[in-house]
Amino acid sequence: MLAPYRLKMRSSDEIKKIILDTANSDDRIRAVLLNGSRANNNVEPDPFQDFDIVYIVNQIDMFTADHTWTSIFGDKLIWQLPDEMSLCDSQKNETFSFHYLMLFKDGNRIDLSLFPTDKFESDFEIDSLTIVWLDKDNLFSNIELASDKDYLIKRPTDKLFNDTCNEFWWVSTYVAKALIREEITNAKAIMENEVRKMFMNIIEWYIGTNTNFSVSFGKGGKFMKKYLTPNEYNAILTTYSDFISKNIWTSLFIMTELFGEFATQVANKLNFNFNYTEQQSTLTYLHQLHNNQK
C-alpha cells in the first residue's frame, strides 16, 4: 500500500516568478503569455489550475535540442513532450511550436509552449484568453483584455443540428446490438464515445439557447451545472452507468429521453426542423430489442 503523499505546493506567485525570471535572464525569450483558465476571470481559482504559458523565442532549436533546461521550473513527477510522441503523430501541429507538459512533485503543473519569433507575424494566433506577462519587443501592444469569447457556445446551423440528431439515433442502435450480443466493453465504448459526443452537443446548444450563446460549456461540459436545473443535471448524471447490462439499458433510455427533450427545445427556439419520425422509429426499435433480450 502506498504511503499518503502530502503536497506542499509552491504558491502561484512563486511559479510566476520562476517563469518570468527564466525569461528575463534569457535574451532568446522575447515574450511571455499566460493562457487558459488562469487568464479567465469567470473561472473560480484553485491551486490545481495549470499554468498555460507561451514563450515567444529566438533560436527555438537551441531549446529543443536538450530538454534538461526545463529543470529550472522544479522537480518533475511526470512530463510529456507531445511533439515527440508516436501517439500524437496524427495530431502533429503545423504551427512550428514545441510543447512541454510538466507536472511537478509539489502538484503544480506548467504547460509550456515555445513559439519561434520568425514565424510570429505569419502564423501566431492570439487566444482570447491571453494575459501578457512580459513583452520585450512590444509584440502585443494592441492586445485586447483577456476574455473567454473564443470559447463561448456557438449557435449551430440547422444542418449541423439535424446531422447531430441523426448520428445520435443511428449510433444508439449500435449500443443496443452490442448489449444483445453481451459485448459489454463494446457497448460501453460506443455509449461513451459516439453517442455521448452527440448527447453533449445537444446539451451545449440547449444551454446556449437559454443564455443567448453568451457562456462557455467547458471541456467535457464542466461548466454545465451552472446553467441547468438541479433535476436536469442529476438526470444527466444518471446516463453514466456501470458495466451491468440492465443498467446500461436504463442509462441509454434515460439518455434518449433527455436527448429528445433537449433537442425539441433547441429546435423550437432556433426555428429548426426536427425529425420526429426518426426519433420515434429508433425508440421503437430500441425498445423492441430490449424486450426481446428480456
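**Entry 1: terms and ground rules**

I first wrote down that helices (H or I, at least four residues) and strands (E, at least two) are DSSP runs, numbered from the N terminus. I also noted that the expected span of a helix is 1.5 Å times one less than its number of residues. The model is predicted, so local features need pLDDT of at least 70 and side-chain atom pairs count only at pLDDT 80 or more, while totals for chains, interfaces and linings use all residues. Residues are numbered from 1 along each chain as its sequence is written, and side-chain values use heavy atoms, with hydrogens and water left out.

**Entry 2: helix α8**

I looked up helix α8, residues 276-293, and found that its 18 residues reach 26 Å from the first C-alpha to the last, close to the 26 Å expected at 1.5 Å a residue. For burial I used these limits: buried means under 20% relative accessible area, exposed over 50%, and partly exposed in between, with a 1.4 Å probe and protein chains only. In α8, the residues Glu278, Gln279, Thr282, Leu283, Leu286, Leu289 and His290 are buried. They lie on the same side of α8, because they cover an arc of only 125° around the axis, the arc being that of the directions from the helix axis to the C-beta atoms. Thr277 and Asn292, on the other side of α8, are exposed.

**Entry 3: the whole protein**

I then stepped back and counted eight helices and six strands in the protein, which follow the pattern α-β-β-α-β-β-β-α-β-α-α-α-α-α along the sequence. The C-alpha atoms fill a box of roughly 70 × 55 × 35 Å, taken along the principal axes. Of the 294 residues, 44% count as buried.

I checked helix α5, residues 184-210, whose 27 residues reach 36 Å from the first C-alpha to the last, close to the 39 Å expected at 1.5 Å a residue. At arginine 196, α5 bends by about 45°, where the bend at a residue is the angle between axes fitted to the seven residues ending there and the seven starting there. Helix α7, residues 245-270, has 26 residues that should span 38 Å at 1.5 Å a residue, and its end C-alpha atoms are 37 Å apart, which agrees.

**Entry 4: positive phi values**

I kept in mind that most residues other than glycine have a negative phi. Asparagine 212, which follows α5, has a positive phi near 60°. Phenylalanine 213 also has a positive phi, of about 50°, although it is not a glycine. I placed phenylalanine 213 in the loop between α5 and α6 (230-237), and at 17% relative accessibility it counts as buried. After α7 comes asparagine 271, with a positive phi near 55°. Glutamine 59, in the loop between β2 and α2 (60-64), has a phi near 55°, again a positive value in a residue other than glycine.

**Entry 5: the largest pocket**

I needed the rule for a pocket before reading its values: on a 1 Å grid over the protein atoms alone, a pocket is an open set of points where a 1.4 Å probe fits, with protein on both sides within 12 Å along at least five of seven lines, and lining residues have an atom within 4 Å of a point. About 930 Å³ of space lies in the largest pocket, and 32 residues line it, of which Asn35, Gly36, Asp52, Asp127 and Tyr151 lie nearest its centre. The elements that give two or more residues to this lining are β1 (29-35), β2 (51-57), β4 (98-104) and β5 (109-116), and β5 gives the most, with four residues. The lining divides into 12 nonpolar, 12 polar and eight charged residues, where Ala, Val, Leu, Ile, Met, Phe, Trp, Tyr, Cys and Pro count as nonpolar, Asp, Glu, Lys and Arg as charged, and the others, Gly among them, as polar.

**Entry 6: single residues and distances**

I looked up proline 116 in strand β5, which is buried with a relative accessible area of 5%. The C-alpha atoms of proline 116 and asparagine 58 are separated by 5.8 Å, although these residues are 58 residues apart along the chain. Glutamate 125, in the loop between α3 (120-123) and β6 (130-135), is exposed, with a relative accessible area of 70%. Glutamate 125 and glycine 107 are 18 residues apart in sequence and 30 Å apart in space, C-alpha to C-alpha.

Note on methods: Points joined across faces, edges and corners; volume = space filled by probe spheres on them.
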